[in-house]
Amino acid sequence: MYYEEHPALAGLFDASRNMNLHPLTEEELRFANFLFLHLRASFGAKNARIHTLPEQVAEDWGQIFGHPAIRVAWAKMKSLHDRRFVAVVEAYENQAAVKM
């Protein structure tokens, strides 16, 4: 809901965004980090067998990490996450890069 109520965040999911001309704002970076924390919580719940991820999670995460602003935000924030989660995200990120 927060994303829908804040149109300034739309640039996070602009596949043609030029990051040199339009660098991340603090608001975008903060929202992207909330997104990463949500993905991390889902990953943790799956590993704890509390929750199962949807069958299309690879496509979903691949699409998310297919956006330039999200990739830049991840590069800035990934040092705050554990190695196992970083490896999973980077697998999806690399999958998105291959499809581009």
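**Exercise 1. Find which residues Asn33 touches beyond its neighbours within four places in sequence.**

Solution. Step 1: set aside those neighbours; Asn33 is then in contact with Met77 and His81. Here contact means heavy atoms within 4.5 Å.

Before going on, note that this is a predicted model, where local features need pLDDT of at least 70, side-chain atom pairs count only at pLDDT 80 or more, and totals for chains, interfaces and linings use all residues. Residues are numbered from 1 along each chain as its sequence is written, and side-chain values use heavy atoms, with hydrogens and water left out.

Step 1: Asn33 belongs to helix α2. Helices are DSSP runs (H or I, at least four residues), numbered from the N terminus.

Step 2: check its accessibility. Asn33 has 16% relative accessibility, so it counts as buried. The cut-offs are under 20% relative accessible area for buried, over 50% for exposed, and partly exposed in between (1.4 Å probe, protein chains only).

**Exercise 2. Describe the surroundings of Ala32.**

Solution. Step 1: Ala32 also sits in helix α2. Step 2: its relative accessibility is 0%, so Ala32 is buried. Step 3: not counting residues up to four places away in sequence, Ala32 touches Leu12, Ile70 and Ala73. The C-alpha atoms of Ala32 and Met77 are 8.9 Å apart, although 45 residues separate the two along the chain.

**Exercise 3. Work out how the rings of Phe36 and Trp74 are arranged.**

Solution. Step 1: recall the rule. Rings of Phe, Tyr and Trp (its six-membered ring) pair if their centres lie within 6.5 Å; planes under 30 degrees apart are stacked, over 60 edge-to-face, and the rest tilted. This rule gives 4 aromatic pairs.

Step 1: apply it. The ring centres of Phe36 and Trp74 are 5.1 Å apart and the planes stand at 80°, so this pair is edge-to-face.

Step 2: locate both partners. Phe36 is in helix α2 (residues 26-47) and Trp74 in helix α4 (residues 68-77), so the pair ties together parts 38 residues apart in sequence. Phe36 is buried at 0% relative accessible area, and Trp74 is buried at 1%.

Step 3: follow Trp74 onwards. Its ring and that of Phe85 have centres 6.0 Å apart and planes at 85°, so this pair is edge-to-face too. It links Trp74 in helix α4 with Phe85 in helix α5 (residues 83-99), 11 residues apart. Phe85 has 0% relative accessibility and is buried.

Step 4: Ring pairs link Phe36, Phe65, Trp74 and Phe85 into a cluster.

**Exercise 4. How many salt bridges does a search of the whole structure find?**

Solution. Step 1: a salt bridge needs a side-chain nitrogen of Lys or Arg within 4 Å of a carboxyl oxygen of Asp or Glu. The search finds 3.

Step 1: take Glu28 and Arg17, whose side chains meet at 2.9 Å, N to O. Glu28 is in helix α2 and Arg17 in the loop between α1 (2-5) and α2, 11 residues apart. Both Glu28 and Arg17 are buried.

Step 2: turn to Asp82 and Arg40, which also meet at 2.9 Å, N to O. Asp82 is in the loop between α4 and α5, while Arg40 is in helix α2, 42 residues apart. Asp82 is partly exposed at 33%, and Arg40 is partly exposed at 26%.

Step 3: finish with Lys78 and Glu90, whose closest N and O atoms are 2.5 Å apart.

Conventions. Helices (H or I, at least four residues) and strands (E, at least two) are DSSP runs, numbered from the N terminus.
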